Amino acid sequence: NYAAFLPWWDLYKYDAVFLCLGVFPLNYELDEEEGAKLAEYLNEGGNLYMEGGATWFLNEQTEVHPMFNIDASTISRPYGATLLDGQEGTITEGMTFEYDGDNTRLDHLAPVEPAISLFVDRDTEHSFVVLNEALGYKTIGSSVEFGGFMDSISPGTKGELMQEYLKFFDLNTKTLAANFIADKLAVNKGETVTFQSISTSDASEWSWEFNGGFPETSSEQNPQVLYEEEGIFDVTLT
């Protein structure tokens, strides 16, 4: 479910909550009641991803903030992230993303043990995303926007990153579900697109349909498709 507000009275229904608070000066600030409800949700076994450029340092801290094991008291950056590297030995190892999200003022998030950093800016070595696995709940705290990560070649795509977040939260790790990515979404006439299956679980057969493409169908795991006409075309993977 998606909502443009925090339905704190219904949080118990969800195995995981992804909360996006925005970046200064257009950020949303949690109040004490909302922070308390989120803390209660975690204490009852929930999983919480929370991103916000100012929530960790500039805004008032609520009951839920310490549960992320993040120390943002040392630096609140006057400038933004540029190139974010996944950290060795973590779920983001091997991933690198250019960052193109809101960048006005992003807090530096130092992990407090047992929490660990997931993404560090290559130029400044400042941490921006922190993973924390506590007794009974799991959290991911971020000062950068997930939507600001720029897709590149595998494994540097938002789809693959979200899969790792869901696996960490023990979601969708055993269910067979079709999913895929493409190396580009807008092409000129006569260009080829490479599609890559990122289906969950152990898929063994793939059935592709390419409206307006050549070939029109494929059973390959990662097919290449030529588009010779202008238009907007659907792709289906079963």
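The conversation below takes up the salt bridges and the exposure of their partners.

Guide: This is a predicted model, in which local features need pLDDT of at least 70 and side-chain atom pairs count only at pLDDT 80 or more, while totals for chains, interfaces and linings use all residues. Residues are numbered from 1 along each chain as its sequence is written, and side-chain values use heavy atoms, with hydrogens and water left out.

Visitor: What makes aspartate 10 and lysine 13 a salt bridge?

Guide: A salt bridge is a side-chain nitrogen of Lys or Arg within 4 Å of a carboxyl oxygen of Asp or Glu. The closest N and O atoms of aspartate 10 and lysine 13 are 3.7 Å apart, so the pair qualifies.

Visitor: How many salt bridges does this rule give?

Guide: The count comes to eight, and one of them joins lysine 37 to glutamate 40 at 4.0 Å, N to O.

Visitor: Why are lysine 37 and glutamate 40 separated by about one helical turn?

Guide: Because they lie three residues apart in helix H1, residues 32-43, a helix being a DSSP run of H or I with at least four residues, numbered from the N terminus.

Visitor: Why is lysine 37 called partly exposed?

Guide: Buried means under 20% relative accessible area and exposed over 50%, with partly exposed in between (1.4 Å probe, protein chains only). Lysine 37 has 27%, and therefore falls in the middle class, as does glutamate 40 with 37%.

Visitor: What is the N to O distance between aspartate 183 and lysine 184?

Guide: Their side chains meet in a salt bridge at 3.3 Å; aspartate 183 is partly exposed at 47%, and lysine 184 is partly exposed at 30%. Elsewhere, salt bridges with shared partners join Glu133, Lys138 and Asp170 into one network.

Key
Helix = DSSP H or I, 4+ residues; strand = E, 2+ residues; numbered from the N terminus.
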